[in-house]
Amino acid sequence: MIDDDLIKKIKDNFSRDKAYWGNIYDAAKADMLFLSGDKGAQWESLKDIPDPAITLDVLSAVVNQVANDIRMNTPTVKVIAGDNDTSEETADILSGLIKNIEYESAADAVYDSSVLSAVRCGIGFFRVETEYEDDESFNQKLCIKRVVNPLNVYIDCRTVEADGSDMQHATIIQELLASDFKEQFPDNDVSSFTDDNQNKQYKDNESVFIAEHYYIESKTKTIKSPDGKKERNVTKKIVNRVLVSGNAILERTTFPGIYVPVIPVFGEEYWVNGKRYLNSAIRRSKDAQKMYNYWRSVETSLLSDQQTAPTMVVGGQIAGYEAGWKDKRSLVVEYRDKDDAGNALPMPTRLPPPQIPSGIVNAALSMANDIKATSGIYEASLGQRSNETSGVAIARRQQEGDVATFHFADNLTRAIAYAGKVMVFAIPEIYDTPRILNIMDVEDNVKKIGVNGDIAEDQEEPVDLTRGRYTVKVITGSSFTTKRQEAAEFFGKIVQSQPDLMQVMGDLLFKNMDLPGADALSERMKKVIDPKFLDEENDNPMSAQYQQQIQQLQQQLQMASQEMQAMQQQLENKQTETAIKVQSEQNKNEIEQTKLALQQSEMEVDAQYKQQELMLKMKELELREQELLLQYEEIKNQKELKEMELFFATLNQNPENNADMEDAMPSDENMTMDNPIIDENMVNYS
């Protein structure tokens with residue numbers, strides 16, 4: 001009965017959370033499908049789709065730019081001592097332990113996956129779990145795991161904190177094959193926690209959904225002051241974890257600490273009338289991307305039509321030769337020069353191919369600019385060449401792009417801070433036995449430390465992880481590897497400007513280089529450097545002299561650095577002035593080019609219209625010529641007929657003159673088109 005009540009409570013929480021997150025997850029799913037690369041994913045809502053429908057995905061580059069910028073500066077958890085029972089040394093050990101947990105869990109990939117999801121669709125998750133150190137040990141350890149599908153996680157809808165740390169419960173839906181369910185839980189009937197067929201990966205009868213549910217249970221107890229005079233009630237939080245099917249509790253455990261170990265990474269979060277909204281980096285740019293695809297597709301369609309210029313022909317002029325005229329690859333085509341009556345036909349005329357309207361090209365360019373404006377990512381941020389010419393201008397534009405999307409990085413920082421709190425409160429319960437642990441220092445070196453009564457080699461003092469109260473903060477910035485590279489670059493510049501300093505700090509230069517054999521070079525360099533620069537704890541009477549020389553060298557370094565900074569500032573100022581002048585000239589050139597392009601476009605359109613008018617007039621002249629020829633033939637025939645009628649009328653009126661008229665008739669040799677021969681059968685000479 002108790003289990004039935006708990007299952008009902010879990011399902012009620014899940015139903016309420018699912019209804020709350022439903023609209024947010026629907027929008028997130030639409031964003032993921034938009035970037036999925038599926039055919040037609042970016043054409044779904046458009047009715048008038050051109051052929052071909054081309055997808056030129058610009059927004060994926062925006063997503064990668066935002067996410068990869070964050071990857072280059074992964075935040076680091078720093079543990080801080082919180083009360084009198086704590087120490088900075090123990091806090092540093094806890095920081096090193098968390099860093100080692102992240103290293104063993106490949107947490108970089110976990111954080112990258114969660115923030116990429118937040119950038120792509122507005123929300124991502126990762127989680128903190130416990131597992132045994134190995135197959136033969138009872139010691140447990142903490143680990144950080146990915147959440148592959150963020151839309152299968154439903155956290156407490158009542159949470160309002162920016163990192164979700166105030167949640168009281170969370171549910172993670174898992175899909176299992178029915179056969180796997182029977183193998184893992186042989187004592188339970190196969191039943192599904194939820195009927196969500198839309199998210200099924202397998203057929204309905206092949207899989208079921210189970211739920212991993214965390215909920216915080218509060219228990220009250222009374223405590224007394226050390227002198228026994230005062231007492232008060234305090235609440236102890238217990239984080240329960242249950243695995244639930246449709247009708248049974250499959251597993252029941254607890255998670256150490258006081259926080260639900262499900263870590264949300266929000267995208268752009270804002271609230272309207274008490275309702276939460278989460279935006280991805282691309283949601284406001286989707287319409288511009290759709291129209292960019294549309295106009296590029298229209299442009300491509302028109303360009304493909306230019307391969308076949310239209311041809312003006314007279315009816316029947318290419319009868320029998322249609323295949324040659326329709327074949328785009330045909331170099332020789334034939335046509336009829338006479339019609340069926342033997343009349344001459346003009347040669348077919350090729351009309352000019354259709355021109356790409358400048359409005360279509362400008363519309364595509366406008367959509368590309370709209371994508372940049374709505375996403376805040378411009379050419380310089382993507383590494384492309386833009387109007388900026390100086391390094392300073394490019395760096396500032398890149399910085400502006402980073403600022404426009406900084407809230408995604410900041411939300412990951414909050415999430416990692418929350419994960420740090422989860423681990424700090426869980427460590428005293430998980431690492432509560434004497435053991436030797438691996439920790440990592442600030443230089444990413446692994447060393448061993450004994451805790452809770454165990455002592456490692458060369459360890460001076462014992463460490464008790466079960467005592468004290470600690471808190472965390474997150475440090476953002478370059479990783480240690482990046483800092484080493486920056487140090488090597490700095491030392492290299494100093495040695496380049498002051499070669500003599502190679503004999504003073506050459507070992508440090510090679511030590512910070514990420515090259516094979518760099519450590520060996522550093523040790524070898526120490527052998528040629530004056531020992532006084534290597535002896536850090538020299539107590540002989542000459543140490544003051546050595547210190548004075550070192551200070552002089554440091555002053556020289558500082559002066560050289562100041563000179564370099566001044567020169568760099570002068571160079572940047574000069575580059576800025578040059579960039580302004582170049583930009584001004586570029587703006588003038590762009591305006592002139594735009595005017596010339598518009599004039600050329602107008603001239604081309606005007607020439608096209610005039611050419612078409614000329615061809616129409618030529619065609620009208622040809623038709624007029626044919627009409628005149630026909631009229632001429634008709635007049636000539638009428639004239640000849642009248643002459644013949646007059647001749648026969650004369651014969652009938654004067655029979656005695658037949659002989660003379662017969663002599664007067666033209667001979668066969670003198671007959672022409674103007675004097676046609678008269679058939680003897682037509683006249684009877686008597």
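Helices (H or I, at least four residues) and strands (E, at least two) are DSSP runs, numbered from the N terminus. The structure is a predicted model, in which local features need pLDDT of at least 70 and side-chain atom pairs count only at pLDDT 80 or more, while totals for chains, interfaces and linings use all residues. Residues are numbered from 1 along each chain as its sequence is written, and side-chain values use heavy atoms, with hydrogens and water left out.

**Loop residues with positive phi**

- N452 lies in the loop between strand 15 (446-451) and strand 16 (470-475), and it has a positive phi of about 60° although it is not a glycine.
- Because its relative accessible area is 13%, N452 is buried, where buried means under 20% relative accessible area, exposed over 50% and partly exposed in between (1.4 Å probe, protein chains only).
- N273, found in the loop between strand 10 (268-272) and strand 11 (275-279), also is not a glycine and has a positive phi of about 55°, but N273 counts as exposed at 82% relative accessibility.

**Aromatic pairs**

- The count comes to eleven aromatic pairs, under the rule that rings of Phe, Tyr and Trp (its six-membered ring) pair if their centres lie within 6.5 Å, with planes under 30 degrees apart counted as stacked, over 60 as edge-to-face and the rest as tilted.
- The rings of F14 and Y154 have centres 5.2 Å apart and planes at 85°, so this pair is edge-to-face; the pair links distant parts of the chain, with F14 in helix 1 (residues 2-34) and Y154 in strand 4 (residues 153-155), 140 residues apart.
- Both F14 and Y154 are buried.
- The rings of Y25 and Y154 have centres 5.3 Å apart and planes at 45°, so this pair is tilted, and it joins helix 1 to strand 4 across 129 residues.
- One aromatic cluster is formed by F14, Y20, W21, Y25, Y154 and F193.

**Salt bridges**

- The structure holds 21 salt bridges, each being a side-chain nitrogen of Lys or Arg within 4 Å of a carboxyl oxygen of Asp or Glu.
- D163 forms a salt bridge with K421, with the closest N and O atoms 4.0 Å apart; D163 lies in the loop between strand 4 and strand 5 (169-177) and K421 in helix 10 (residues 406-430), so the pair ties together parts that are 258 residues apart in sequence.
- D163 counts as buried at 12% relative accessibility, whereas K421 is partly exposed at 22%.
- E268 forms a salt bridge with R284, the closest N and O atoms being 2.8 Å apart; E268 is partly exposed with a relative accessible area of 21%, and R284 is partly exposed with 45%.

**Negative surface patch**

- E88, E89, E457, D458, E460 and E461 form a negative surface patch, patches being made of residues with over 30% relative accessible area and no salt bridge, with like charges joined within 9 Å and nonpolar side chains (Val, Leu, Ile, Met, Phe, Trp, Tyr) within 5 Å.
- E89 lies in helix 3 (residues 88-104) and counts as exposed at 56% relative accessibility.

- I249 has its place in strand 8 (residues 249-255) and counts as buried at 14% relative accessibility.
- I249 and N188 are 61 residues apart in sequence and 9.1 Å apart in space, C-alpha to C-alpha.

Technical notes: Areas by Shrake-Rupley, 256 points an atom, 1.4 Å probe, with all protein chains shown as cover. Lys, Arg positive; Asp, Glu negative; His and termini not counted. Charge placed at Lys NZ, Arg CZ, Asp CG, Glu CD.
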